[in-house]
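Let's walk through some side-chain contacts together, question by question. Have the model open while you read.

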Amino acid sequence: MLVPGTDQRKNPSENDIANLTHGSVYMTNEEIQHKLKTRHLRIEDYEALREICARVYKGVSPPWSEEQIALLIKRFPEGQICIEDNGRAVAVALSLIIDFSLYGNRHSYNQMHGNGTFNTHDPEGDYLYGIEIFVDPDYQGMRLGRRLYDARKELAENLNLVGILLGGRIPGYHNCAEEMSPQQYILKVRNRELYDPVLTFQLSNDFTVRNLLRDYWPRDHHSGGHAVLLEWVNIYHEERTKLIGGTKSIARLGVVQWQMRRFESFEDFMQQVEFFVDTVSEYKADIVLFPELLNAPLIHTYAGKNPAEAMRLLAGFTEKMRQSMLDMALTYNINIVTGSVPQLGKDGKLYNVCFLCRRDGTWDSQEKLHITPEEDAYWGISGGNELKVFNTDVGKIGILICYDVEFPELARIQALNGMKMLLVPFWTDTKTGYLRVRRCAQARAIENECFVAISGSVGNIPKVETMGIQYSQAAIFTPSDFSFPHDAIAAEATPGIETILVTDLDLDMVKELRSKGSVRNVQSRRVDLYELNWKDK
């Protein structure tokens, strides 16, 4: 779900990378005919990758697991490059994009690859970071490493990155460790007084030394656990100030606390909706959030019908409402999270659905996945089966409808897929029900290091079955750390009245928190002990 105009970088195709080698290369002797090709790594290459890695790092480190390589390819397919010979991978380069300001000149290998989770990859970062490069020992002397570095350089140029960074090993150091410090060894290798099988090669590929990385990879005993931070500068890099388009780092969020009231017609209802869209947009907000079952006041027009039948008839307004709010998103230049409404699916089932109407004219939807006992008993609503993270011009957002926020797995999956802001339309009748939503929303903000906003309704609709009283105190929650409000609350409304909240949220603070926070809930997960998977049907 890409928003047009948000990314000016060119992703090279596999043919682009293959062209770097000027086509296939044949090397013939009495026994072997080589046919080399540079391309993107595929998961089908794993067995070859594992064998090469085991040979190159024998006694140093176990190979990457198949799950880790699959995750890396999923996160950043363009950055995983290999050279094949007659269809079999014989050399591999793995990389990520990072925001270097989050790590600086002092970091470790495990920190840079997120302990094997690769959650450090940031598509909006400034440097390509080399995680790994290795060549089948049987192909030493064929300059395959140079080809991989050339492919990385081309990738950095095409993505308009500042350059390439990597922690280079110094395996020759163990021969000199008693005679000199790591800094002295690096200086001698750079001055060509000593030869190092890795550092000498990297320096010959136009990399320059930035500084020593102490204790970079403790398992690398030959290097004394140290490495050299090396940089290749992309001379074609251009600083771009995106005046139009692009992803904003500060998002202005508006939250509506909605008064339940009778409307005589659909047009009257939409007039009140437009009032709030207009009002919030006057404050130059980027997103406005409405509550769950926003159009429920119209259900009184089906007086005499049982609740389940009335809710199905209410779904007849849904498509018209979505189109009207999409038109408003364009007219008022604001992204609208519509709150939820009933919708009849193609399977004939009734779903509770929230729409995202973007101000570029596109839209998407999120179904409520967990249905409360009352929703099932009174209205016959079914749970959806798909969980999404949405791209917007203020970054990636998630939507969970009311009860769904009480299930921590959902928000964690969204966070692992890049969500920085979670929007929760809810509908509760009592303070006890409200506090379940509020407390869980606050927990989701802390454990996923993201912003969470909740929007509900107040008041009542007399003489309408199942539409009794409403309780709400709309709020916007933050993570809990020094850079955020002391109570982890960015804003909250007065309970029981119709009003709005408008607050600025700095999404770059989320990125920084996840890598530099006092605690790092997302990064510190023990993925070696447990994992969270979405089961596709």
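Q: Which arginine lies over the face of phenylalanine 355?
A: This is a predicted model, so to speak: local features need pLDDT of at least 70, side-chain atom pairs count only at pLDDT 80 or more, and totals for chains, interfaces and linings use all residues. Residues are numbered from 1 along each chain as its sequence is written, and side-chain values use heavy atoms, with hydrogens and water left out. A charge sits over a ring if NZ of Lys or CZ of Arg is within 6 Å of the ring centre and within 35 degrees of the ring normal. At 6.0 Å from the ring centre of phenylalanine 355, the one you want is arginine 322.

Q: How far is arginine 322 from the ring centre of tryptophan 363?
A: Arginine 322 also lies over the face of tryptophan 363. Here the distance from the ring centre is 4.1 Å.

Q: What kind of aromatic pair do tryptophan 258 and phenylalanine 269 make?
A: Rings of Phe, Tyr and Trp (its six-membered ring) pair if their centres lie within 6.5 Å; planes under 30 degrees apart count as stacked, over 60 as edge-to-face and the rest as tilted. A search of the whole structure turns up 23 such pairs. In this one the centres are 6.0 Å apart and the planes sit at 80°, so the pair is edge-to-face.

Q: Which helix holds phenylalanine 269?
A: Helices (H or I, at least four residues) and strands (E, at least two) are DSSP runs, numbered from the N terminus. Tryptophan 258 is in strand 9 (residues 250-260), 11 residues away from its partner. Phenylalanine 269 belongs to residues 266-282, helix 8.

Q: How many residues apart in sequence are the parts tied together by phenylalanine 266 and phenylalanine 317?
A: These two rings are stacked, 5.4 Å centre to centre with 0° between the planes. Phenylalanine 266 lies in helix 8 and phenylalanine 317 in the loop between helix 9 (307-314) and helix 10 (318-332), so the separation is 51 residues.

Q: How many disulfides does the model have?
A: The rule asks for a pair of cysteine sulfur atoms within 2.5 Å. For cysteine 402, the closest cysteine sulfur is in cysteine 440, 10 Å away and therefore too far for a bond. The count comes to zero.
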